[in-house]
Amino acid sequence: MIKTKAAVVYEIGKPIVIEELELDDDLQDGEVLIKYTHAGLCHSDLHIKNGDMEARLPMVLGHEGAGIVEKVGPGVTRVKPGDQVVCSFIPNCGTCRYCASGQQSICDMGAGILEGGLPNDRWPMKNSKGEAVGGMCMLGTFSQYNVISQASCVKVDDDVPLDKAVLVGCGVPTGWGSAVNTANVRPGETVVVYGIGGIGINAVQGAAYAGAKNLIAVDPLENKREKALELGATHAFATAEEAMEKVTELTRGQMADKLIITTGLVEEPQVTTGFHTVGKGGTVVLTGLNKLDLDNIKLPGSIMTLFRKTVKGSLFGDCNPTTDIPRIIGLYQSGDIKLDELITKTYKLEDVNEGYEDLEEGKNVRGVMIHQH
Ligand SMILES: NC(=O)c1ccc[n+]([C@@H]2O[C@H](COP(=O)([O-])OP(=O)(O)OC[C@H]3O[C@@H](n4cnc5c(N)ncnc54)[C@H](O)[C@@H]3O)[C@@H](O)[C@H]2O)c1
Ligand SMILES: [Zn+2]
Ligand SMILES: [Zn+2]
């Protein structure tokens, strides 16, 4: 048993509690003890705190993480002590129907990510009252240490800077892949991205890399629009309506090929305007989230049929973490993907509430927590 300081959500809408937890490090089959060095502040954790996405509580937040393997349990073959690891917010077993067909982001092991126990239904974290505490996405990266499945670990080279590579645990592949994989952006296309946060800025980077000719970013905040223009957008607007007007002009009425929604909360008007901003054969990608039971899509089906439009969801940018996390890190090392420019501010674990206030106020493209040990 070891002690670890962590950021725990007990009640929806209440501040996140910083406390010391007991972590059972008597590792079982396939388990890894990780010392987290860095964690990213993604909006999905805020959804848990605000109740916009229902999870089992109490839960240690944090699903964008990187660290060093301290110890491994029996049967662990993917990593060894001392390895640097970027965590994948969806574990991949490697053998289920989805993993085996190259769709690791919908691995069956992902079923438990909002529960927070390990795949073998083990709950290694307990609070001082002896209650089992889950970890967001089976990771709980807002903890100094945690026990995670080897299925959540992607080993990266020793010279990879984890303070930047941490973003490749969620935000970068989710956004980049939403453009490159899910939207399948092709050279010369017109692409629109709604919402330039930690996810959307990477959809901009992905669409630019894939060769979008017109790349239009939409965000009500000026700092976000500036960042989008810095990292590849050709135009930026505060509203979806202005973007639609520009798309009409740029394409002589043919409208956009792809539109990606990465706003903090996806709401019906965004989806409706997005649907009408893509043209014939166009695709709308939904990457942002909202309450699990909210019907936030209401569209004219006949227009969808006659114009052969597609609306599709994207999870983890439809990436395969075991191959795409190293691939994206390689593109960072060659200068093709920017990571340093995405980090607005760093925080200590104790400052997690301030970090989420900054996110809610729109100050951060991405905030990163640096763990102290
Ligand atoms: N599908 C996945 O795999 C996946 C993974 C991670 C995060 N997410 C989700 O993606 C969303 C974005 O996450 P993030 O961390 O980038 O959040 P963020 O808060 O950093 O960014 C959201 C941005 O959207 C902007 N915005 C809000 N309303 C808007 C509107 N109507 N039009 C245009 N822009 C608007 C905000 O100003 C902000 O810049 C969240 O819902 C998150 O839960 C999905
Ligand atoms: Zn995330
Ligand atoms: Zn699987």
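Predicted model: local features only at pLDDT ≥ 70, side-chain atom pairs only at ≥ 80, totals over all residues.
## Cys42 and the zinc site

Residues are numbered from 1 along each chain as its sequence is written, chains are lettered from A and ligands numbered from 1 in the order in which they are written, and side-chain values use heavy atoms, with hydrogens and water left out.

What holds the zinc ion (ligand 2)? Cys42 (SG), His63 (NE2) and Cys170 (SG) coordinate the zinc ion at 2.0 to 2.3 Å. Along the sequence, these donor residues follow the spacing C-x20-H-x106-C. Donors are N, O and S atoms within 2.8 Å of the metal (3.2 Å for Na, K and Ca), and since water is not among the atoms, sites may look incomplete. As for the labels, helices (H or I, at least four residues) and strands (E, at least two) are DSSP runs, numbered from the N terminus.

## Salt bridges across the chain

There are 19 salt bridges in the structure, each one a side-chain nitrogen of Lys or Arg within 4 Å of a carboxyl oxygen of Asp or Glu. One of them pairs Asp24 with Arg122, with the closest N and O atoms 3.2 Å apart. Asp24 is in the loop between strand S2 (17–23) and S3, while Arg122 is in the loop between helix H2 (97–100) and strand S7 (125–126), so this pair ties together parts that are 98 residues apart in sequence. Asp24 is partly exposed at 23%, whereas Arg122 is buried at 14%.

Another salt bridge joins Lys291 and Asp52, whose closest N and O atoms are 3.8 Å apart. Lys291 belongs to the loop between S15 and H9 and Asp52 to the loop between H1 and S4, so the parts tied together here are 239 residues apart in sequence. Lys291 is partly exposed at 34%, but Asp52 is buried at 14%.

## A bridge within a helix, and a network

Glu249 and Lys246 meet in a salt bridge of 3.2 Å, N to O. Both lie in helix H7 (residues 240–250), three residues apart, or about one turn of the helix. Glu249 is exposed, with 53% relative accessible area. Elsewhere, Lys345, Glu354, Asp358, Glu361 and Lys363 are joined into one network by salt bridges that share partners.

## A nonpolar patch on the surface

Ile303, Leu306 and Phe307 make up a nonpolar surface patch, with about 280 Å² of accessible area together. Patches are built from residues with over 30% relative accessible area and no salt bridge; like charges are joined within 9 Å, and nonpolar side chains (Val, Leu, Ile, Met, Phe, Trp, Tyr) within 5 Å. Leu306 lies in helix H9 and is exposed, at 67%.

Definitions and conventions: Buried < 20%, exposed > 50% of the residue type's maximum accessible area, 1.4 Å probe, protein only. Areas by Shrake-Rupley, 256 points an atom, 1.4 Å probe, with all protein chains shown as cover.
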